[in-house]
Amino acid sequence: MFIQNKISPFIKTYWDKICDVKKLIQESDRIIIGAGAGLSASGGISYTDKELFKKWFHMYCGKGYQTIIDMQSMFWDVNDENVTSYWAYWARHISKIFYEAPALKPYNDLFEIVKDKDYFICSTNVDGQFEKAGFPSDKIYGPQGSYSLFQCSKPCTDEVYDNKKMVDNMLANMNDDDVHIREEDIPRCPRCGRLLVPNLRKDDTFVQKPHMINTNVFQKYINESKGKKLVLLELGVGYNTPVIIRYPFENITEQYEYARLIRINMSYWEVPSKIAQKSIEINNDISKVLQDIL
């Protein structure tokens, strides 16, 4: 029998919950993984980590910035006035997080946990960690973009462009402390000549077509999971974009008889009372929890 979470006469400990999670996963027919920024943060890439910022972006520390979030806020939009400083930051950001970072431990552990199960992934992360850990791209729905791609800032086309050579070129022509790239290294659209920008969902100019390939496959997977022993494994999902993972997972848990939600998060771990008995909340470091499950 697929285990039922019932009102217990005692408060479950952390290890009680770990045992329940393991059993749910073992007994499941299908698993849908929902991953947010908290999963990568648990592996060491946290956008609020001041020490990481000093290590990777020391050239900005004397300018009043303390975290990656500070820098992203400063350089969220590009224009003709800030373009060389915009790309000095973003080239470093993309290189460090997407190209240089190895597969992080929580992703490797997650792969080991589910590799022999029937699963699908929905992730708002754009750092390529799932692919690095061995998850096949045809089992990943990532609607928010990718650090590996550029798009036209207009945009004039639905095309996106692999950016490795452009990023490497910008970095190669900067000194370690430079906060501007060379004018001749500014990435421009090969079709219209406008500025290129990272292919990230930040407004209605986002080129989403390349990331929608698995949309119907993912929705079909959800639909066909009704009536099955379905585990919704939610990892580090907050309220930045709750309509992509958090709210849909809650709705599926409520509507599907055999669905069970596992929500693991250092913050925002609570579930609505109406699905509490079909859910497991774990308020702990995701990396530790996955290691303990494994």
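## What counts as a contact

Two residues are in contact when they have heavy atoms within 4.5 Å of each other. With that in hand, take the contacts in this protein chain between residues at least 6 apart in sequence: 68% of them join residues at least 24 apart. One thing to keep in mind throughout is that this is a predicted model.

## The chain as a whole

So what is the chain built from? It has 11 helices and nine strands. Its radius of gyration is 21 Å, close to the 19 Å that the globule rule gives for 294 residues, so the chain is as compact as a globular protein of that length. If you line up a box with the principal axes, the C-alpha atoms fill roughly 65 × 40 × 30 Å.

How much of the chain is buried? Of the 294 residues, 50% count that way. The accessible surface comes to about 14200 Å², and carbon and sulfur atoms account for 49% of that.

## A look at arginine 30

Now let's zoom in on a single residue. Arginine 30 sits in strand S1, which covers residues 30–35. Is arginine 30 buried or exposed? Its relative accessibility is 10%, and buried means under 20%, so arginine 30 counts as buried.

Which residues does arginine 30 meet, once neighbours within four places in sequence are set aside? The list is Asp118, Tyr221, Glu224, Ser225, Lys228, Lys229, Leu230 and Val231.

## A look at aspartate 185

Next, a residue from a loop. Aspartate 185 lies between helix H8 (164–172) and strand S6 (196–200). Because its relative accessibility is 7%, aspartate 185 counts as buried.

What does aspartate 185 touch, not counting residues up to four places away in sequence? Its partners are Asn169, Met170 and Asn173. Two of these contacts can be followed from side chain to side chain. A polar contact of 3.0 Å joins aspartate 185 to asparagine 169, and another, of 3.1 Å, joins aspartate 185 to asparagine 173.

Threonine 84 is 101 residues away from aspartate 185 along the chain, yet the C-alpha atoms of the two are separated by 8.7 Å.

How values were computed: Residues are numbered from 1 along each chain as its sequence is written. This is a predicted model: local features need pLDDT of at least 70, side-chain atom pairs count only at pLDDT 80 or more; totals for chains, interfaces and linings use all residues. Side-chain values use heavy atoms; hydrogens and water are left out. Helices (H or I, at least four residues) and strands (E, at least two) are DSSP runs, numbered from the N terminus. Buried means under 20% relative accessible area, exposed over 50%, partly exposed in between (1.4 Å probe, protein chains only). The radius of gyration is taken over C-alpha atoms; the globule rule is 2.2 Å times the number of residues to the power 0.38. Accessible areas come from the Shrake-Rupley method with a 1.4 Å probe; for residues, only the protein chains shown count as cover. A polar contact is a pair of N or O atoms within 3.5 Å; within protein, one must be able to donate a hydrogen and the other to accept it, and residues adjacent in sequence count only if both atoms are side-chain atoms.
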